[in-house]
Amino acid sequence: MKERTKLVAAGRPKRRPFHPVNMQVERASTYLFPTYDDFLDGGKNIVYGRLGGATHRALEEAICALEGGVETRLASSGLQAVNAALLAFLRAGDRLLMTDSAYDPSRKFCQNFLARFGVETAFYDPEIGAGVSDLMTPNTKVVFAESPGSLTFEVQDLPALAKAAHAGGARLIVDNTWSAGVYLKPIELGADVVVHAGTKYFSGHSDCLIGSITSADEATAKLVFQSLLQIGSNVSADDAYLTLRGMRTLAVRMRAHEETGLALAKWLAKRPEVDTVLHPAFKSCPGHLKWKRDFTGASGLFGVILRPVGKPAIKAFFNALHHFGMGFSWGGFESLCIHVHPEKNRSATKWAKEGPVLRIHAGLEDPDDLIADLGRAFDTMKAVKG
Ligand SMILES: Cc1ncc(COP(=O)(O)O)c(C=O)c1O
């Protein structure tokens with residue numbers, strides 16, 4: 001099956017006369033076992049609400065088909081998916097290699113939470129590639145990658161990271177949220193685990209939080225399941241339903257996000273206010289050649305480094321935006337633009353650029369309207385400066 005067909009077909013209700021197109025929302029804490037023997041048996045698939053029911057299984061099937069893994073499990077948010085995946089493989093005395101470009105709350109989980117339980121985190125330069133093998137130690141159990149980084153957009157060398165991790169007896173976990181699983185297949189490149197913030201493109205409508213963890217093999221899947229089970233993770237059936245509904249249109253939405261993102265990025269690159277555009281499809285993006293090698297497209301999230309400008313001018317720019325909202329997260333139908341501070345979230349590398357950094361999420365509006373919006377905001381900014 002081709003990708004777009006998989007996204008339409010996976011996790012649909014079993015065929016029977018007059019079956020609905022969509023899997024129903026199955027809300028339940030308690031599932032009743034049909035017989036005493038079934039109760040003793042514990043059930044193989046659906047036993048208790050916290051472990052999910054038919055709606056959850058359907059969504060897991062769709063994500064698993066997209067990522068090409070052996071099993072997918074849901075988490076209550078993208079952050080929980082990251083954290084539960086890490087907890088599945090790490091214990092006191094272990095060490096974790098974490099990309100310096102990681103989503104900041106994932107970073108903080110390692111620095112604050114894992115550290116309290118005796119797990120050491122070493123941050124590495126996202127562009128290190130095969131050089132990560134020099135950082136491996138006998139107690140390194142996980143290499144964590146996020147490609148591209150969701151603030152600074154460095155594209156990582158996943159095959160090289162997988163090779164180094166496996167040679168040292170560690171697993172490679174990849175946060176694949178940026179590509180929505182449509183444009184990058186980490187498991188084919190050697191990853192053991194793929195995590196997603198389904199909050200972004202999977203659900204696609206900015207109205208629910210959800211995460212997923214997909215494993216490349218059965219032994220890994222077992223550890224992931226135990227981790228989610230033991231931390232008491234729960235996903236509402238309504239959120240699973242909304243996310244599955246979003247996935248039906250994921251491939252076509254991604255094409256639109258990509259086209260609009262590229263149109264905005266090309267326009268921005270020509271503006272005098274702009275220093276650098278950080279878009280993996282641009283040569284100015286660190287790791288651009290790896291993007292060309294490993295990805296089949298780009299999502300709508302990218303960065304823009306402005307030439308240095310004062311705070312009142314930046315304030316005027318943001319307040320002048322009309323179509324771009326200012327808010328956290330991304331991946332919804334609506335465009336977003338926020339001011340980010342990569343210099344605050346680095347330890348292995350230094351953020352050397354001086355100008356303000358914007359993170360833009362290209363939504364599904366007409367690109368002409370978005371470009372006009374940015375143009376007006378730059379004009380307002382100039383007036384304040386001037
Ligand atoms: C790359 C990445 N991973 C994980 C997350 C966490 O997802 P959630 O907000 O669903 O916890 C985010 C959120 O912005 C993200 O950008």
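My notes on the domains and the ligand site follow.

I'm working with a predicted model, where local features need pLDDT of at least 70, side-chain atom pairs count only at pLDDT 80 or more, and totals for chains, interfaces and linings use all residues. Residues are numbered from 1 along each chain as its sequence is written, and side-chain values use heavy atoms, without hydrogens and water.

Domains first. I found the protein chain split into domain 1 (3-248) and domain 2 (252-385), with bounds from an automatic or database domain assignment. Their centres, taken over C-alpha atoms, are 27 Å apart. I noted 39 residues from domain 1 and 40 residues from domain 2 in the contact (heavy atoms within 4.5 Å).

Then the ligand. I got 13 residues around it, with Gly 78, Leu 79, Asp 175, Thr 199 and Lys 200 coming nearest (a heavy atom within 4 Å counts as near).

Next I looked up polar contacts, pairs of N or O atoms within 3.5 Å. Asp 175 puts a polar side-chain atom 2.7 Å from a ligand nitrogen. Thr 199 has a side-chain N or O atom 2.5 Å from a ligand oxygen. For Lys 200, I read 2.7 Å from a polar side-chain atom to an oxygen of the ligand.

Terms used
Polar contact = N/O pair within 3.5 Å; in protein donor to acceptor, adjacent residues only side chain to side chain.
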